[in-house]
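Me: I have a new protein open and want to find my way around. Can we go through it bit by bit?

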Amino acid sequence: MSIEIDDLADKVQWEKGLISPEIFIDEKVYREELGRLFGRAWLFLAHDSMIPKPGDFFNTYMGGDPVIVARQKDGSVRAYLNACRHRGMKVCRAEDGNARNFMCTYHGWAYDISGELINVPNLADAYHNDLDRKKWGLVQVAQIDNYKGLWFATFDPTAPPLHEYLGDMTFYIDSWVDHVPGGIEILPGVIKWTIRGNWKIAAEQFAGDGYHAQVTHSSSLGKIGEGMWGKMPEGAQFSSRHGHGHSMVFGRVTRFDDDPLSVYNAERNPVVEERLGSSRTNMLGNFTVFPNMSGLPASANLRVWHPKGPNTFEIWSFTVVDKDAPEQVKKAQQLSATLTEGAAGIVELDDGENWNLMGQILEQGYQTRRMDWNYQMGLGHETEDHETYPGRINGTYYGEGPQRTFYRRWLEFMTSEKWPRVDAVRESGDES
Ligand code: FES
Ligand code: FE
(Lines give C-alpha, C1' and ligand atoms only; values in the text may rest on other atoms or scores of the structure.)
(Ligands and ions follow the chains in the order given, each with its own letter.)
Protein backbone atom coordinates (compact mmCIF):
# COMPACT_ATOMS: atom_id res chain seq x y z
CA MET A 1 0.00 0.00 0.00
CA SER A 2 1.26 3.44 -0.73
CA ILE A 3 -0.29 6.86 -0.47
CA GLU A 4 -0.68 9.14 -3.47
CA ILE A 5 -0.05 12.85 -3.06
CA ASP A 6 -3.69 13.52 -3.98
CA ASP A 7 -4.79 11.46 -0.97
CA LEU A 8 -2.69 13.34 1.55
CA ALA A 9 -5.35 15.94 2.39
CA ASP A 10 -7.53 13.07 3.70
CA LYS A 11 -4.66 11.81 5.83
CA VAL A 12 -3.84 15.22 7.30
CA GLN A 13 -7.09 16.82 8.45
CA TRP A 14 -5.30 19.35 10.62
CA GLU A 15 -8.38 21.59 10.91
CA LYS A 16 -10.26 18.71 12.56
CA GLY A 17 -7.25 17.56 14.58
CA LEU A 18 -7.09 14.20 12.82
CA ILE A 19 -3.81 12.84 11.46
CA SER A 20 -3.35 9.42 9.89
CA PRO A 21 -0.15 7.76 11.15
CA GLU A 22 0.39 6.40 7.64
CA ILE A 23 2.24 9.66 6.93
CA PHE A 24 4.88 8.47 9.42
CA ILE A 25 5.50 5.06 7.90
CA ASP A 26 4.65 5.15 4.20
CA GLU A 27 7.68 4.72 1.94
CA LYS A 28 6.24 6.83 -0.86
CA VAL A 29 5.38 9.71 1.47
CA TYR A 30 8.94 9.59 2.74
CA ARG A 31 10.43 9.64 -0.78
CA GLU A 32 8.22 12.56 -1.81
CA GLU A 33 9.05 14.37 1.41
CA LEU A 34 12.76 14.34 0.57
CA GLY A 35 12.06 16.38 -2.56
CA ARG A 36 8.93 18.38 -1.84
CA LEU A 37 9.80 19.37 1.72
CA PHE A 38 13.53 18.92 2.31
CA GLY A 39 14.32 19.91 -1.27
CA ARG A 40 12.56 23.27 -0.85
CA ALA A 41 12.42 24.41 2.80
CA TRP A 42 15.13 26.46 4.49
CA LEU A 43 17.10 23.99 6.63
CA PHE A 44 19.48 24.66 9.50
CA LEU A 45 23.10 23.82 8.73
CA ALA A 46 25.45 25.11 11.40
CA HIS A 47 26.31 28.01 13.68
CA ASP A 48 29.08 30.52 12.94
CA SER A 49 31.04 29.34 15.96
CA MET A 50 31.35 25.83 14.48
CA ILE A 51 33.30 27.07 11.46
CA PRO A 52 35.14 30.22 12.60
CA LYS A 53 38.25 30.11 10.35
CA PRO A 54 38.74 29.91 6.56
CA GLY A 55 38.81 26.25 5.55
CA ASP A 56 36.71 25.16 8.55
CA PHE A 57 33.94 22.81 7.48
CA PHE A 58 31.09 20.84 9.01
CA ASN A 59 29.44 17.85 7.39
CA THR A 60 25.67 17.67 7.72
CA TYR A 61 22.56 16.63 5.79
CA MET A 62 19.77 18.45 4.03
CA GLY A 63 17.05 15.81 4.08
CA GLY A 64 18.78 12.69 2.79
CA ASP A 65 21.59 14.56 1.01
CA PRO A 66 25.03 14.95 2.57
CA VAL A 67 26.12 18.60 2.56
CA ILE A 68 29.42 20.29 3.44
CA VAL A 69 29.19 23.74 5.04
CA ALA A 70 32.50 25.56 4.68
CA ARG A 71 33.99 28.91 5.64
CA GLN A 72 35.59 30.57 2.62
CA LYS A 73 38.81 32.56 2.38
CA ASP A 74 36.84 35.83 2.32
CA GLY A 75 34.87 34.86 5.44
CA SER A 76 31.66 33.97 3.62
CA VAL A 77 30.05 30.54 3.96
CA ARG A 78 29.16 28.11 1.20
CA ALA A 79 27.28 24.83 1.27
CA TYR A 80 27.41 22.12 -1.39
CA LEU A 81 26.65 18.46 -1.84
CA ASN A 82 29.24 16.10 -0.42
CA ALA A 83 29.02 13.98 -3.57
CA CYS A 84 31.67 13.71 -6.27
CA ARG A 85 30.53 14.69 -9.75
CA HIS A 86 32.22 11.61 -11.22
CA ARG A 87 30.36 8.74 -9.52
CA GLY A 88 28.77 10.39 -6.50
CA MET A 89 31.23 9.18 -3.86
CA LYS A 90 31.56 11.33 -0.73
CA VAL A 91 34.46 13.73 -1.21
CA CYS A 92 34.88 14.24 2.53
CA ARG A 93 34.30 11.59 5.15
CA ALA A 94 35.33 13.56 8.24
CA GLU A 95 32.55 14.93 10.44
CA ASP A 96 34.25 18.33 10.62
CA GLY A 97 37.70 19.88 10.40
CA ASN A 98 39.79 22.31 8.39
CA ALA A 99 40.82 21.69 4.80
CA ARG A 100 42.12 23.45 1.72
CA ASN A 101 40.86 20.79 -0.68
CA PHE A 102 38.76 17.64 -0.69
CA MET A 103 40.02 14.71 -2.74
CA CYS A 104 37.59 11.98 -3.65
CA THR A 105 38.99 8.63 -2.56
CA TYR A 106 37.53 6.72 -5.51
CA HIS A 107 39.44 8.10 -8.52
CA GLY A 108 41.02 11.20 -7.07
CA TRP A 109 39.02 14.13 -8.42
CA ALA A 110 39.80 17.08 -6.14
CA TYR A 111 37.72 20.12 -5.19
CA ASP A 112 38.75 23.28 -3.39
CA ILE A 113 36.97 24.66 -0.33
CA SER A 114 34.57 26.62 -2.53
CA GLY A 115 33.51 23.40 -4.27
CA GLU A 116 35.31 24.03 -7.58
CA LEU A 117 36.83 21.04 -9.34
CA ILE A 118 40.57 21.74 -9.32
CA ASN A 119 42.19 18.46 -10.28
CA VAL A 120 41.26 15.45 -12.38
CA PRO A 121 43.86 12.67 -12.62
CA ASN A 122 44.83 11.87 -16.22
CA LEU A 123 43.03 14.89 -17.58
CA ALA A 124 45.45 15.09 -20.51
CA ASP A 125 46.09 11.47 -21.43
CA ALA A 126 42.72 9.87 -20.61
CA TYR A 127 40.27 12.75 -21.06
CA HIS A 128 42.26 14.36 -23.91
CA ASN A 129 41.78 17.65 -22.03
CA ASP A 130 38.15 17.59 -23.15
CA LEU A 131 36.65 17.87 -19.66
CA ASP A 132 35.65 21.42 -18.69
CA ARG A 133 36.47 21.46 -14.99
CA LYS A 134 34.50 24.68 -14.45
CA LYS A 135 31.27 22.82 -15.21
CA TRP A 136 31.92 19.97 -12.81
CA GLY A 137 32.22 21.60 -9.41
CA LEU A 138 30.28 20.27 -6.41
CA VAL A 139 26.55 21.10 -6.54
CA GLN A 140 25.92 24.27 -4.54
CA VAL A 141 22.77 25.00 -2.54
CA ALA A 142 20.46 27.47 -4.28
CA GLN A 143 20.40 29.97 -1.40
CA ILE A 144 22.29 30.29 1.86
CA ASP A 145 21.72 32.89 4.56
CA ASN A 146 22.39 33.61 8.18
CA TYR A 147 20.20 34.71 11.08
CA LYS A 148 22.29 35.95 14.01
CA GLY A 149 24.97 33.34 13.45
CA LEU A 150 22.64 30.47 12.48
CA TRP A 151 23.25 29.34 8.89
CA PHE A 152 20.35 28.01 6.84
CA ALA A 153 20.16 26.93 3.20
CA THR A 154 17.64 25.78 0.63
CA PHE A 155 17.95 23.90 -2.64
CA ASP A 156 15.07 25.91 -4.10
CA PRO A 157 16.01 29.14 -5.93
CA THR A 158 12.36 30.27 -5.70
CA ALA A 159 12.14 30.02 -1.90
CA PRO A 160 11.44 33.39 -0.24
CA PRO A 161 14.22 35.03 1.80
CA LEU A 162 15.16 33.43 5.11
CA HIS A 163 13.81 36.30 7.24
CA GLU A 164 10.40 35.89 5.60
CA TYR A 165 10.53 32.14 6.15
CA LEU A 166 11.34 32.57 9.85
CA GLY A 167 8.69 35.27 10.31
CA ASP A 168 7.69 35.94 13.91
CA MET A 169 9.79 32.98 15.02
CA THR A 170 12.77 35.36 15.19
CA PHE A 171 11.23 36.94 18.31
CA TYR A 172 11.59 33.58 20.06
CA ILE A 173 14.93 32.64 18.49
CA ASP A 174 16.33 35.90 19.85
CA SER A 175 15.53 34.74 23.35
CA TRP A 176 18.32 32.17 23.13
CA VAL A 177 20.77 33.52 20.52
CA ASP A 178 20.66 37.24 21.29
CA HIS A 179 19.89 37.37 24.99
CA VAL A 180 23.38 38.54 26.03
CA PRO A 181 25.68 40.99 24.25
CA GLY A 182 28.28 38.34 23.30
CA GLY A 183 25.73 35.96 21.78
CA ILE A 184 26.10 32.19 21.80
CA GLU A 185 28.47 29.53 20.63
CA ILE A 186 27.98 25.85 19.93
CA LEU A 187 30.52 23.67 21.70
CA PRO A 188 32.52 21.10 19.71
CA GLY A 189 31.18 17.55 19.70
CA VAL A 190 27.79 16.78 18.23
CA ILE A 191 26.09 13.80 19.88
CA LYS A 192 24.35 11.65 17.26
CA TRP A 193 22.10 8.64 17.69
CA THR A 194 19.36 6.78 15.87
CA ILE A 195 15.66 6.38 16.67
CA ARG A 196 13.32 3.87 15.09
CA GLY A 197 10.56 6.29 14.28
CA ASN A 198 9.63 9.17 12.02
CA TRP A 199 11.33 12.57 12.39
CA LYS A 200 7.99 14.43 12.39
CA ILE A 201 6.99 12.87 15.73
CA ALA A 202 9.99 14.49 17.39
CA ALA A 203 9.65 17.81 15.56
CA GLU A 204 5.98 18.20 16.50
CA GLN A 205 6.71 17.30 20.11
CA PHE A 206 9.28 20.05 20.45
CA ALA A 207 6.91 22.54 18.78
CA GLY A 208 4.03 22.06 21.13
CA ASP A 209 3.99 19.06 23.41
CA GLY A 210 4.61 20.24 26.95
CA TYR A 211 1.78 17.89 27.90
CA HIS A 212 3.98 14.77 27.84
CA ALA A 213 6.55 15.96 30.36
CA GLN A 214 4.58 15.37 33.56
CA VAL A 215 4.06 11.72 32.66
CA THR A 216 6.94 10.77 30.36
CA HIS A 217 9.58 12.52 32.47
CA SER A 218 8.00 12.07 35.88
CA SER A 219 10.84 9.98 37.26
CA SER A 220 13.79 11.62 35.54
CA LEU A 221 12.86 15.18 36.37
CA GLY A 222 12.58 14.31 40.04
CA LYS A 223 12.34 17.32 42.26
CA ILE A 224 12.35 19.79 39.37
CA GLY A 225 9.29 18.08 37.95
CA GLU A 226 7.26 18.07 41.11
CA GLY A 227 5.55 21.32 40.27
CA MET A 228 4.46 19.95 36.91
CA TRP A 229 2.01 17.37 38.18
CA GLY A 230 -1.73 17.70 37.81
CA LYS A 231 -2.38 21.32 37.17
CA MET A 232 -1.27 22.73 33.84
CA PRO A 233 1.65 25.14 34.33
CA GLU A 234 0.98 28.73 33.39
CA GLY A 235 2.26 29.43 29.90
CA ALA A 236 1.44 29.95 26.24
CA GLN A 237 2.07 28.59 22.78
CA PHE A 238 3.06 30.24 19.52
CA SER A 239 1.90 28.63 16.28
CA SER A 240 3.50 30.08 13.20
CA ARG A 241 1.69 30.09 9.89
CA HIS A 242 5.10 29.07 8.50
CA GLY A 243 4.98 25.84 10.50
CA HIS A 244 7.23 26.84 13.40
CA GLY A 245 6.10 26.35 16.98
CA HIS A 246 7.20 27.56 20.39
CA SER A 247 5.78 26.58 23.78
CA MET A 248 6.64 28.37 26.97
CA VAL A 249 6.12 28.02 30.68
CA PHE A 250 6.11 31.27 32.58
CA GLY A 251 8.56 31.51 35.44
CA ARG A 252 12.03 30.12 35.94
CA VAL A 253 13.26 26.79 37.07
CA THR A 254 15.86 27.03 39.76
CA ARG A 255 17.78 23.81 39.65
CA PHE A 256 19.95 24.23 42.70
CA ASP A 257 21.17 27.24 44.60
CA ASP A 258 24.90 27.06 44.44
CA ASP A 259 26.07 25.19 41.33
CA PRO A 260 28.08 27.33 38.86
CA LEU A 261 25.29 27.33 36.28
CA SER A 262 22.59 28.55 38.63
CA VAL A 263 24.89 31.23 40.02
CA TYR A 264 25.80 32.35 36.49
CA ASN A 265 22.18 32.37 35.37
CA ALA A 266 21.08 34.38 38.39
CA GLU A 267 23.74 37.00 37.63
CA ARG A 268 22.91 37.02 33.93
CA ASN A 269 19.14 37.40 34.21
CA PRO A 270 19.10 41.18 34.78
CA VAL A 271 21.21 41.60 31.59
CA VAL A 272 18.77 39.44 29.63
CA GLU A 273 15.80 41.28 31.07
CA GLU A 274 17.19 44.63 30.04
CA ARG A 275 17.89 43.35 26.53
CA LEU A 276 14.71 41.39 25.83
CA GLY A 277 12.19 42.49 28.45
CA SER A 278 10.64 40.29 31.11
CA SER A 279 8.38 38.43 28.67
CA ARG A 280 11.35 36.48 27.32
CA THR A 281 13.38 36.34 30.51
CA ASN A 282 10.81 34.77 32.74
CA MET A 283 9.87 31.83 30.58
CA LEU A 284 11.20 28.43 29.61
CA GLY A 285 10.63 27.43 26.04
CA ASN A 286 10.87 24.52 23.67
CA PHE A 287 10.53 25.02 19.95
CA THR A 288 10.73 23.75 16.40
CA VAL A 289 11.86 25.81 13.46
CA PHE A 290 10.00 24.13 10.61
CA PRO A 291 10.73 21.52 9.57
CA ASN A 292 13.45 19.77 11.59
CA MET A 293 15.42 22.06 13.90
CA SER A 294 14.37 22.07 17.55
CA GLY A 295 15.65 23.12 20.89
CA LEU A 296 15.35 23.41 24.62
CA PRO A 297 17.19 26.62 25.49
CA ALA A 298 16.86 26.00 29.24
CA SER A 299 18.84 22.79 28.77
CA ALA A 300 21.34 24.53 26.44
CA ASN A 301 20.27 22.11 23.76
CA LEU A 302 19.73 22.47 20.04
CA ARG A 303 18.98 19.52 17.82
CA VAL A 304 18.27 18.52 14.24
CA TRP A 305 16.07 15.57 13.33
CA HIS A 306 17.67 14.04 10.22
CA PRO A 307 15.38 11.69 8.26
CA LYS A 308 16.98 8.35 7.45
CA GLY A 309 13.99 6.41 6.18
CA PRO A 310 10.23 6.41 6.78
CA ASN A 311 10.75 4.88 10.18
CA THR A 312 14.28 5.95 11.09
CA PHE A 313 15.78 9.27 12.05
CA GLU A 314 18.99 10.50 13.59
CA ILE A 315 19.10 13.01 16.41
CA TRP A 316 22.02 15.43 16.22
CA SER A 317 22.30 17.18 19.54
CA PHE A 318 24.35 20.38 20.02
CA THR A 319 25.25 22.15 23.25
CA VAL A 320 24.70 25.91 23.16
CA VAL A 321 26.43 28.22 25.64
CA ASP A 322 26.86 31.95 26.09
CA LYS A 323 30.06 32.82 24.22
CA ASP A 324 31.37 35.07 26.95
CA ALA A 325 30.49 32.80 29.86
CA PRO A 326 33.42 31.64 32.07
CA GLU A 327 35.00 28.35 30.97
CA GLN A 328 33.88 26.67 34.18
CA VAL A 329 30.26 27.55 33.37
CA LYS A 330 30.59 26.27 29.80
CA LYS A 331 31.99 22.97 31.09
CA ALA A 332 29.17 22.69 33.61
CA GLN A 333 26.65 23.47 30.88
CA GLN A 334 28.09 20.80 28.61
CA LEU A 335 28.04 18.21 31.35
CA SER A 336 24.49 19.11 32.33
CA ALA A 337 23.30 19.02 28.69
CA THR A 338 24.97 15.65 28.07
CA LEU A 339 23.56 14.10 31.22
CA THR A 340 20.02 15.25 30.48
CA GLU A 341 19.68 15.57 26.68
CA GLY A 342 22.58 13.43 25.38
CA ALA A 343 22.05 9.99 23.82
CA ALA A 344 21.98 8.39 27.28
CA GLY A 345 20.64 11.51 29.01
CA ILE A 346 18.12 10.85 31.73
CA VAL A 347 15.47 13.01 30.06
CA GLU A 348 16.30 11.97 26.51
CA LEU A 349 15.93 8.25 27.22
CA ASP A 350 12.30 8.78 28.21
CA ASP A 351 11.45 10.39 24.86
CA GLY A 352 13.48 7.85 22.89
CA GLU A 353 11.61 4.99 24.55
CA ASN A 354 8.26 6.46 23.47
CA TRP A 355 9.39 7.18 19.91
CA ASN A 356 11.02 3.77 19.42
CA LEU A 357 7.97 1.92 20.68
CA MET A 358 5.58 4.00 18.56
CA GLY A 359 7.81 3.33 15.53
CA GLN A 360 7.84 -0.39 16.23
CA ILE A 361 4.04 -0.53 16.43
CA LEU A 362 3.65 1.34 13.14
CA GLU A 363 6.25 -0.81 11.42
CA GLN A 364 4.70 -4.09 12.43
CA GLY A 365 1.06 -3.21 12.71
CA TYR A 366 -1.67 -3.04 10.11
CA GLN A 367 -4.76 -2.02 12.07
CA THR A 368 -2.74 0.48 14.07
CA ARG A 369 -1.84 2.33 10.88
CA ARG A 370 -5.48 2.72 9.98
CA MET A 371 -6.67 4.59 13.05
CA ASP A 372 -6.44 8.37 13.09
CA TRP A 373 -4.42 9.97 15.84
CA ASN A 374 -6.07 12.67 17.92
CA TYR A 375 -4.67 16.21 17.69
CA GLN A 376 -7.74 17.99 19.04
CA MET A 377 -6.45 19.49 22.27
CA GLY A 378 -7.52 23.14 22.41
CA LEU A 379 -9.10 23.01 18.95
CA GLY A 380 -11.28 26.09 18.50
CA HIS A 381 -9.86 27.78 21.58
CA GLU A 382 -6.83 29.35 19.98
CA THR A 383 -6.63 33.06 20.59
CA GLU A 384 -5.24 35.27 17.89
CA ASP A 385 -3.53 38.23 19.45
CA HIS A 386 -1.46 38.77 22.51
CA GLU A 387 -0.20 42.05 23.82
CA THR A 388 3.30 40.77 24.50
CA TYR A 389 3.99 37.90 22.16
CA PRO A 390 3.79 38.22 18.37
CA GLY A 391 2.08 35.71 16.08
CA ARG A 392 -0.84 33.40 16.75
CA ILE A 393 -0.82 32.77 20.48
CA ASN A 394 -2.70 30.15 22.40
CA GLY A 395 -2.97 31.23 26.02
CA THR A 396 -2.27 27.87 27.62
CA TYR A 397 0.92 25.83 27.89
CA TYR A 398 -0.85 22.61 26.92
CA GLY A 399 -2.42 22.57 23.49
CA GLU A 400 -1.98 21.08 20.05
CA GLY A 401 -2.24 24.25 18.00
CA PRO A 402 1.48 24.25 17.10
CA GLN A 403 1.22 20.61 16.03
CA ARG A 404 -1.84 21.32 13.84
CA THR A 405 -0.09 24.24 12.15
CA PHE A 406 3.05 22.12 11.72
CA TYR A 407 1.03 19.53 9.76
CA ARG A 408 -0.91 22.23 7.90
CA ARG A 409 2.40 23.59 6.64
CA TRP A 410 3.74 20.09 5.93
CA LEU A 411 0.67 19.36 3.83
CA GLU A 412 1.15 22.59 1.88
CA PHE A 413 4.74 21.64 1.04
CA MET A 414 3.74 18.11 0.09
CA THR A 415 0.87 19.09 -2.18
CA SER A 416 2.05 22.35 -3.80
CA GLU A 417 3.77 22.22 -7.14
CA LYS A 418 5.24 25.70 -6.58
CA TRP A 419 6.98 26.88 -3.42
CA PRO A 420 4.04 27.23 -0.97
CA ARG A 421 4.14 30.91 -0.07
CA VAL A 422 2.31 32.18 2.96
CA ASP A 423 0.56 35.21 1.60
CA ALA A 424 -1.00 36.44 4.81
CA VAL A 425 0.33 39.87 5.66
CA ARG A 426 0.37 38.97 9.33
CA GLU A 427 1.04 35.54 10.71
CA SER A 428 -1.96 35.87 12.95
CA GLY A 429 -4.28 35.68 9.96
CA ASP A 430 -7.32 33.43 10.09
CA GLU A 431 -7.23 29.67 10.33
CA SER A 432 -8.99 29.05 7.07
FE1 FES B 1 35.01 10.66 -7.24
FE2 FES B 1 35.43 8.92 -9.24
S3 FES B 1 33.80 8.99 -7.84
S4 FES B 1 36.69 10.52 -8.54
FE1 FE C 1 10.46 15.03 26.39
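Me: Where is His-128 placed?
Reply: His-128 sits in the loop between strand E10 (117-119) and E11. Strands (E, at least two residues) and helices (H or I, at least four) are DSSP runs, numbered from the N terminus. This is a predicted model: local features need pLDDT of at least 70, side-chain atom pairs count only at pLDDT 80 or more, and totals for chains, interfaces and linings use all residues. Residues are numbered from 1 along each chain as its sequence is written, with chains lettered from A and ligands numbered from 1 in the order in which they are written.

Me: Is His-128 buried or exposed?
Reply: His-128 is exposed, because 9 other C-beta atoms lie within 10 Å. The cut-offs: buried is 20 or more other C-beta atoms within 10 Å of a residue's own, exposed is 12 or fewer, and partly exposed is in between, with C-beta atoms placed from the backbone.

Me: What is phi of His-128 near?
Reply: Phi of His-128 is near 55 degrees, a positive value in a residue other than glycine. Most residues other than glycine have a negative phi.

Me: And what about Asn-129?
Reply: Asn-129 has a phi near 60 degrees, also positive. Asn-129 lies in the loop between E10 and E11. Asn-129 counts as exposed, with 10 C-beta neighbours inside 10 Å.

Me: New topic. Which strands form the open sheet, and in what order?
Reply: The order is E3-E12-E11, with antiparallel pairing. Two strands pair if DSSP finds at least two bridges between them. E3 and strand E11 (143-147) are the edge strands, each pairing on one side only.

Me: How many bridges join E11 and E12?
Reply: E11 and strand E12 (residues 150-154) pair over 5 bridges. Asp-145 stands opposite Phe-152 in E12.

Me: What about the largest nonpolar core?
Reply: The largest nonpolar core has 94 residues. Such a core is a set of buried Ala, Val, Leu, Ile, Met, Phe, Trp, Tyr and Cys residues joined through C-beta atoms within 7 Å. Leu-43, Leu-45, Val-69 and Phe-152 have the most contacts inside the core.

Me: Why does this core lie between domain 1 and domain 2?
Reply: Domain 1 (43-145) and domain 2 (168-415) both give residues to this core, so the core lies between them. The domain bounds come from an automatic or database domain assignment.

Me: How far apart are the C-alpha centres of domain 1 and domain 2?
Reply: The centres lie 33 Å apart.
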